[in-house]
Amino acid sequence: MAPSMSLFSVNAILILNSDDGSRVFAKYYTAPHHTAGATHTNAPTAQTPYPDVKSQKAFEKGLVEKTAKQTADIILYDNRIVLYKSESDVMMYVVGGVDENEIMLYNVILALRDSLHLLFKQSVDKRTIIENYDLVSLAIDEIIDDGIILETDPTIIVQRVSKAPTQDVTQLKGIDLSEQGMNNLAQFGKAKLGDWLRQGL
C-alpha cells in the first residue's frame, strides 16, 4: 500500500441557496493526519484549506457563481474536485481533493440527494431542509464521518436516521417515573449508600 493512501476523501459537504449562494448547511472536514510530504511550515494549510468562516464563504460564493450556468455534475474548482446536484432552490455539493476518486464522490452526492428525497417524500427545498435540519445533519453524518465515506445506500441511511433504537425503548418501559417511583428510587439509593459507608468503615 502506498504511504499516502488514506480513507479521508471528502473535504466538505455543502447545501447552498441557488439564488444568492447563502449557506443552508455546510460541514468542512479536516484531515486527521499529515500527508507524507508535508512539512511543519505548510502543514496547517494542507490540512485545513478553508480554516475560517471568511475563506469558507468566499469559496462557497465562487462555487455558486461557477456552477450557476453549468449543466455537468462535476467541475474542478480551486484545485478541488466538486460534484454537485441542483434540487429546487438549493445546490448540493461534495468537495474532495484533486486526486480523489470521482466515482466515489459522485456516489456520495447521489446518496445525499436520494436520502433527502426518501426522507422528505420528494420535496427537497430550502424550507424543508431548514425545518428538518436535524434529519439532514443526521443523514450527512451517516454518509460521512470526519471526511471518511461510511455509507452510500440511501435506504440504509434513511432507516438509521428515521427510526429510533428499539432496545432503548424497551428498557424504559419498566421504569416507574411517577412521584412514588422517584421516592422509592431515592430511598433505595440512600439505603445502598448507607450500606457502602458502613462496609467501608
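Me: What should I know about the model before I start?

Reply: This is a predicted model, in which local features need pLDDT of at least 70 and side-chain atom pairs count only at pLDDT 80 or more, while totals for chains, interfaces and linings use all residues. Residues are numbered from 1 along each chain as its sequence is written, and side-chain values use heavy atoms, with hydrogens and water left out.

Me: How many helices and strands does the chain have?

Reply: Helices (H or I, at least four residues) and strands (E, at least two) are DSSP runs, numbered from the N terminus. Here the chain has 8 helices and 7 strands.

Me: What percentage of the residues count as buried?

Reply: Buried means under 20% relative accessible area, exposed over 50%, and partly exposed in between, with a 1.4 Å probe and protein chains only. Of the 201 residues of the chain, 35% count as buried.

Me: Which residues touch the most other members of the largest nonpolar core?

Reply: In soluble globular proteins, nonpolar side chains tend to be buried together. A nonpolar core is a set of buried Ala, Val, Leu, Ile, Met, Phe, Trp, Tyr and Cys residues joined through side-chain atoms within 4.5 Å. The largest one here has 32 residues, and I13, I15, L116 and I140 touch the most other members. Strands 1 (10-17), 2 (23-28), 4 (80-87) and 5 (90-97) are among the elements that each supply at least two residues of this core, as are helix 3 (102-119), helix 5 (133-143) and helix 6 (154-162). Helix 3 gives the largest share, 7 residues. Apart from this core lies another, of 15 residues, including A12, L63, V82 and Y93.

Me: Which residues does L116 touch?

Reply: Contact means heavy atoms within 4.5 Å. Not counting residues up to four places away in sequence, L116 touches I15, M92, V124 and V136.

Me: How do helix 5 and helix 6 pack?

Reply: Axes are lines fitted to C-alpha atoms, for helices over the stretch in contact, and angles run from 0 to 180 degrees between N-to-C directions. The axes of helix 5 and helix 6 are 9 Å apart, at an angle of about 130°. Angles under 35 degrees count as roughly parallel, over 145 as roughly antiparallel, 65 to 115 as roughly perpendicular and the rest as oblique; the two helices are therefore oblique to each other. From helix 5 the contact uses L135, L138, A139, E142 and I143, and from helix 6 it uses I157, R160 and V161.

Me: Which residues of helix 3 and helix 5 meet?

Reply: V108, A111, L112, L116 and L119 of helix 3 meet L135, V136, A139, I140 and I143 of helix 5. The angle between these helices is about 145°, and their axes are 10 Å apart.

Me: Where is N79, and is N79 buried or exposed?

Reply: N79 lies in the loop between strand 3 (74-77) and strand 4. N79 counts as exposed because its relative accessibility is 54%. Its phi is near 60°, a positive value in a residue other than glycine.

Me: Is S9 buried or exposed?

Reply: S9 counts as buried, because its relative accessibility is 9%. S9 is found in the segment before strand 1. Not counting residues up to four places away in sequence, S9 touches V95, G96, G97, E100, L105, G147 and I149.
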